[in-house]
Every structure is written in structure tokens, then in C-alpha cells.
Amino acid sequence: MSTFRRVFSSSVGTKLLIGLTGLALFAYLILHLIGNALIFAGPDTFNAYSHALISNPLILPIEIGLLAIFLLHVYKAVTNYVANQAARPAGYAMKKYAGHTSRKSVASSSMIWSGLLIFLFILVHVKQFKYGAWYQTVGDHSIRDLARTEFEVFRSPLWVSFYVVCTLIVGLHLRHGISSSFQSIGFDHPIYTRRLTRWGIAFAAIIGGGLACIPVWVYLTR
């Protein structure tokens, strides 16, 4: 156990854990986007999906595992940032980008801050939808009317704006996080890295933009 802790407490081990947990969360976001996009198919389809999800006996262990992965990702990212700051207490007077040869971007330079904003956003999101208003559908087999909860939240332009900004921040975080996670687990090659960066940007745009479209669509159509 001491060897295990020593390995994953090292700089390399920390980056490996950040990469692995980051990829797991990326996979979850793809599924999350697909599930939430069912709202476009109508409230009945969305509610049926939601009911199938929460009634699955595996949902509780999956949620616990997902929470553990998320907290480990946050913890390792913060400790890695603090360690890097401690190693360079003076910092740089001014950051300069090396043009097309540099991997630095707004996304890479703001990972810790976008990550912390996402952490706060998730707390609000979970409170509103998982533990928020609970309505039942009308019929012989009544299930939770999660679509109604979503329609009520996104009736407010303030909440729509909040969700759009936050989901775009998710996309910004993924813009660097996806390719960086693959590099952390060993996929670092002149050819592969360029391709991973391009695919990372594409997936970041799809996930961030896709999630941002949902509250806007609900507000405009309901």
C-alpha cells in the first residue's frame, strides 16, 4: 500500500491519475449529452429515459463510482497545481505564446480555474435536477416528470444564461483536457498529438455546444 501511495503521489503518478479520471469523465459527458438530448424528442421520451436510468439497480454504485472519480480528479488537479506553484513561487512576469508551435492556449492556461467553476456548476446542477422539484406524470404508470422540472428551470432567461456560460466553460476545459489526458497516459507522438488535439477540440465543441443548446431550445420552444 505504501508503494502504491508513493507511486501515485509522485508527479508522474498524479498526472496519470488526472489523465485516467479525466478520460472517464469525458466518456460520461458523451453519454450525458446523448441522454439529455432526448429532450428534443419530447417530454415522454425524455421521462422514459430518466425513469429507466433511476430505476436501474446499478445506478447507485455507478453514481458512487462516478463521484469518487470526480473527487479524485479534482483533488489531484488541485494538488498538482499547488505543487507546481510552490516549485515556481516567483512565476512569470508575462506569459507569451509561441504561436503554432506552442501547445499553450487560453484553455490550457485556465484549466484550474475553469475546473473550479465547473465544480460549483455541478453542485447547482445536481441540486436543481436530482434533488429539485419532483413532479409525477399523469397516468396508470406514474413516473417522475423530469421534463417539467427542466421546462420550469429554463423558463428563466437568467438560468438559461447561467447554463449556457457554464456548459461553454465545460467545453473550454475539455478543449485542452481531452488531448492532455491522452498524453498523460502515454499517447504523446508528433503525429498522434496533433490528431488528438484536433479531435479534442471537435469533441469539446460538440459537448460544450450541445449542452448549451438544450436550455436555449427549451426557453425558445416552451
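**Helix 7 pair.** I looked up Glu 152 and Arg 148 and found them 4 residues apart in helix 7, so about one helical turn separates them. Helices here are DSSP runs (H or I, at least four residues), as strands are (E, at least two), numbered from the N terminus. Glu 152 and Arg 148 form a salt bridge, with the closest N and O atoms 3.6 Å apart. I took a salt bridge as a side-chain nitrogen of Lys or Arg within 4 Å of a carboxyl oxygen of Asp or Glu. Glu 152 counts as partly exposed at 29% relative accessibility, and Arg 148 counts as partly exposed at 39%. The classes are buried under 20% relative accessible area, exposed over 50%, and partly exposed in between (1.4 Å probe, protein chains only).

**Basis.** I noted that this is a predicted model, in which local features need pLDDT of at least 70 and side-chain atom pairs count only at pLDDT 80 or more, while totals for chains, interfaces and linings use all residues. Residues are numbered from 1 along each chain as its sequence is written, and side-chain values use heavy atoms, with hydrogens and water left out.

**Salt bridges.** How many salt bridges does the rule give? I count 2 salt bridges. One of them joins the side chains of Glu 63 and Lys 130, at 3.0 Å from N to O. Glu 63 is in helix 4 (residues 59–87) and Lys 130 is in the loop between helix 6 (111–129) and helix 7 (146–153), so this pair ties together parts 67 residues apart in sequence. Glu 63 is partly exposed, with a relative accessible area of 31%. Lys 130 is partly exposed too, at 37%.

**Whole chain.** I read off 9 helices and 0 strands. Of the 222 residues in the chain, 33% are buried. I also checked contacts (heavy atoms within 4.5 Å). Of those between residues at least 6 apart in sequence, 75% join residues at least 24 apart.

**Helix 2 with helix 8.** Helix 2 (residues 11–36) packs with helix 8 (residues 157–184) at an angle of about 130 degrees, the axes being 8 Å apart. Helix 2 is therefore oblique to helix 8. Angles under 35 degrees count as roughly parallel, over 145 as roughly antiparallel, 65 to 115 as roughly perpendicular, and the rest as oblique. Axes are lines fitted to C-alpha atoms, for helices over the stretch in contact, and angles run from 0 to 180 degrees between N-to-C directions. Residues of helix 2 in this contact include Gly 19, Gly 22 and Phe 26, and those of helix 8 include Val 170, Leu 174 and Ile 178. By class, I find 9 nonpolar, 4 polar and 1 charged residues in the contact. Ala, Val, Leu, Ile, Met, Phe, Trp, Tyr, Cys and Pro count as nonpolar, Asp, Glu, Lys and Arg as charged, and the others, Gly among them, as polar.

**Helix 2 with helix 9.** Helix 2 and helix 9 (residues 190–221) pack at about 35 degrees, with axes 10 Å apart. From helix 2, Phe 26, Leu 29 and Ile 30 are among the residues in contact, and from helix 9, Phe 203, Ile 206 and Ile 207 are among them. The class count for this contact is 9 nonpolar, 3 polar and no charged residues.

**Thr 14.** Is Thr 14 buried or exposed? Thr 14, in helix 2, is buried at 6% relative accessible area. The C-alpha atoms of Thr 14 and His 73 are 9.5 Å apart, although 59 residues separate the two along the chain.
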